[in-house]
Every structure is written in C-alpha cells, then in structure tokens.
Amino acid sequence: MAQMTYSLSEQQFCNAQRLHFSFRPRWVRWIFTLVGILGLPILGTGLFHRDVMLSIAGFIYSSILLLYIPAVARLVQRGIERLMRPRLLRIFRRSPSLHQQSHVELRDGEMHLQSETGQGVLPWKHITQWAEDEDSVLLYLQPRLFIIVPKEADPQSQFVTALRAQLLDHIGPARRQR
C-alpha cells in the first residue's frame, strides 16, 4: 500500500502545465518542415539562373530551418511559456480546489483519492493516458483534464514508483513528448 499527501504549489502547477503543453500536435512539426522545404525552390531558382547569391540564400534558409527545427520549436515553446505564466498563476490563485491538501493511495489494485471536498476511487479504465517528467506525473481523464501528482511530495519515490508500475500495467507506456 503506497500513499502520498500533498498540496500543490504555484511552481508545481506551472511545471505540470509546461509538461501538458509540451505535447505539440503533429501538424506543428509539419508546418516547420514545410517552411524549411519552401527554401528549396529558392535554391533551385538560384542554381537555374546561375545566381550565386540566391543559391546561397536558399541553401542557408533551408539548412537552418530543416536542421534547427527542434531548436526553433523550443524557442517558440519558451516564448509561449513566458506569455502563459501570468495567466497560469492567476488560474492557480483563483482555484481553491488546487490549494487543498490531497491524499492519494494505491490500495487493493485501485487508486483512492481524498481531499477536503470529497473522496473516491479512480478506476484505471478512466485514465486515458499519462505523462511524466522530472517534476510530476499527469493522469489524464480527458484530453485537457488531468490530475497532477508532484514528485517533490514523494522524496523516497515509493509512491511514484508504485504508481508508475500500476500505470504501465493498466494503461500502457507514458505519453511521449514530441
């Protein structure tokens, strides 16, 4: 029987949201790739017309975008995080349920949740997917609805290790960041 009691801090909430937002849809990657490929006609036009400067410009444009797509995507993500942080802090401060102490327990192959406002058993079949990073574990009940389990509240990692084993058994591997 593994158990853990915690209260979310602003930082833990923001870290969990960062993990949630790190799952970019595939179409974002395709847009970056398409923009990089659009530089190839510039290169081709420069080569066709024997314009050295245009060829170099097309080559540099395509190379930078195609080789550094992950870096560009990370810069965009950091910019979005900076813009979103004040909004996330406002959401956290206005949501009393996020400030409550929560107790989570794995007992008899089930996950038991308890807070000041209620308690219940969360069946594994209600968890659609899960994600994990160095700060937290997210248990998704819907695409944008998830339970945050901060790892900081479990210094010996007893609960998180048991939770991860149960999640692997019942749900499968963690959601991958793209």
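V137 stands opposite V149 in β7. The structure is a predicted model, in which local features need pLDDT of at least 70 and side-chain atom pairs count only at pLDDT 80 or more, while totals for chains, interfaces and linings use all residues. Residues are numbered from 1 along each chain as its sequence is written, and side-chain values use heavy atoms, without hydrogens or water.

Strand β7 covers residues 145-150 and runs antiparallel to β6, with six bridges between the two. Strands here are DSSP runs of E with at least two residues, helices are runs of H or I with at least four, and both are numbered from the N terminus; two strands pair if DSSP finds at least two bridges between them. Two residues separate β6 from β7 in a hairpin. Strand β5 (residues 129-132) is antiparallel to β6 and joined to it by four bridges, and a hairpin of three residues connects them.

How many residues of strand β6 are buried? Five of the seven (residues 136-142) are, so the strand is largely enclosed by the rest of the structure. Buried means under 20% relative accessible area, exposed over 50%, and partly exposed in between (1.4 Å probe, protein chains only).

With a relative accessible area of 42%, I56 is partly exposed.
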